[in-house]
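These are my notebook entries on one protein chain. I set down what I looked up, topic by topic.

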Amino acid sequence: MELRYRRASSWEFDLIMKEAEKFGELKHEFFGIVEGKFRDVYAVNEEVWREIENLKVKPYAFGTFVGTIKVDKNLVEKFCPNIEFFYFVDIKKNYAVLKPKTAFLFTTGKDVPKKGVKEYNWQGSKKLVILNEEGLILGLGIINPESEKKFIKNIADIGEFIRRHK
């Protein structure tokens with residue numbers, strides 16, 4: 001299968017922007033797409049893009065991988081971000097700041113009890129960006145306001161790479 005790379009279309013950029021708006025404001029405006037089996041999205045700056053366009057060999061990746069555009073079971077296109085995407089978003093809503101011990105446990109794959117949350121801002125989206133007290137993005141979670149013990153369910157965290165089995 002041959003990979004194609006190109007700038008994100010205005011439709012794809014809208015999908016990316018809609019996802020960012022659930023959490024705040026998008027701080028980046030140039031994205032590239034690598035099309036193969038999936039449509040992978042990369043944040044790239046224009047200087048790097050100019051270099052890529054002049055390459056004789058086509059790249060299979062460039063910039064920072066921030067997610068994938070997928071088609072769901074209802075044939076609707078959606079941008080599915082990874083954790084790195086949120087470094088390109090000014091996070092203002094739908095986030096939780098964890099206390100130190102809870103932040104560590106979250107990075108080991110554990111869910112978050114309500115008592116481990118220092119502060120949170122929840123405005124409609126079930127998905128939250130999880131931060132430590134220093135503002136480092138630890139991952140993503142789903143809020144469950146009815147539960148004290150599993151207040152935030154871990155869906156992705158920065159420790160996954162280390163825990164991954166070979």
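Which residue in E5 is the bridge partner of Ala43? I looked it up in the predicted model, and the partner is Thr64.

**Entry 1. The chain overall**

I note again that the model is predicted. I counted the secondary structure of the chain as 4 helices and 12 strands. The C-alpha trace spans about 55 × 35 × 30 Å along its principal axes. Of the 166 residues, 42% are buried.

**Entry 2**

I returned to the pair Ala43 and Thr64 to see the strands around it. Strand E4 covers residues 39-43 and strand E5 covers residues 64-71. The two run antiparallel and are joined by 5 bridges.

I then followed E5 to its pairing with E6. These strands also run antiparallel, and 5 bridges join them. On this side, Lys70 has Lys78 in E6 as its bridge partner. E5 and E6 form a hairpin, with 5 residues between them.

**Entry 3. Positive phi values**

Which residue in the turn of the E5 and E6 hairpin has a positive phi? I found Leu75, with a phi of about 65°, although Leu75 is not a glycine. I recorded the value because most residues other than glycine have a negative phi. Leu75 lies in the loop between E5 and E6. Its relative accessibility is 72%, so Leu75 counts as exposed.

I looked up Asn94 next. Its phi is positive as well, near 55°, and Asn94 is a residue other than glycine. I located Asn94 in the loop between E7 and strand E8 (95-98). Is Asn94 buried or exposed? Asn94 counts as buried, because its relative accessibility is 2% and the cut-off for buried is under 20%.

**Entry 4. The largest pocket**

I looked for open space next, because rolling a probe the size of a water molecule over the atoms shows where empty space is left. The largest pocket has a volume of about 160 Å³. I listed its lining as Leu15, Lys18, Glu19, Lys22, Glu77, Lys78, Phe79, Cys80, Pro81 and Lys127.

Which element supplies the largest share of this lining? E6 does, with 5 residues. Helix H1 (10-21) and E6 each supply at least two residues of the lining.

**Entry 5. Salt bridges**

I looked up charged pairs, because side chains of opposite charge can pair when their charged atoms come close. The count comes to 12 salt bridges.

The side chains of Arg6 and Glu35 meet in one of them, at 2.9 Å from N to O. This pair links distant parts of the chain: Arg6 is in strand E1 (residues 4-7), Glu35 is in strand E3 (residues 31-35), and the two are 29 residues apart.

I also examined Lys92 and Asp90, whose side chains meet in a salt bridge at 3.6 Å, N to O. Lys92 is partly exposed at a relative accessible area of 48%. Asp90 counts as partly exposed at 32% relative accessibility.

The side chains of Asp111 and Lys150 form a further salt bridge, at 3.8 Å from N to O. Asp111 lies in the loop between helix H3 (100-106) and strand E9 (117-121), and Lys150 in the loop between strand E11 (137-143) and strand E12 (152-157), so this pair ties together parts 39 residues apart in sequence. Asp111 is partly exposed, with a relative accessible area of 26%. Lys150 also counts as partly exposed, at 48% relative accessibility.

Which residues do salt bridges with shared partners join into one network? I recorded Arg4, Arg6, Glu12, Glu35, Arg39 and Glu77.

**Entry 6. A nonpolar surface patch**

Which residues make the nonpolar surface patch of about 260 Å²? I found Tyr87, Leu136 and Ile158. Tyr87 has a relative accessible area of 41%, so Tyr87 is partly exposed.

Terms used
Residues numbered from 1 in each chain as written. Predicted model: local features only at pLDDT ≥ 70, side-chain atom pairs only at ≥ 80, totals over all residues. Heavy atoms only, no water. Patch = residues over 30% accessible without salt bridge, like charges linked within 9 Å, V, L, I, M, F, W, Y side chains within 5 Å. Areas by Shrake-Rupley, 256 points an atom, 1.4 Å probe, with all protein chains shown as cover. Salt bridge = Lys/Arg side-chain N within 4 Å of Asp/Glu carboxyl O. Buried < 20%, exposed > 50% of the residue type's maximum accessible area, 1.4 Å probe, protein only. Pairing = 2+ DSSP bridges. 1 Å grid on protein atoms, 1.4 Å probe; cavity = no way out; pocket = protein on both sides within 12 Å on 5 of 7 lines; lining within 4 Å. Points joined across faces, edges and corners; volume = space filled by probe spheres on them.
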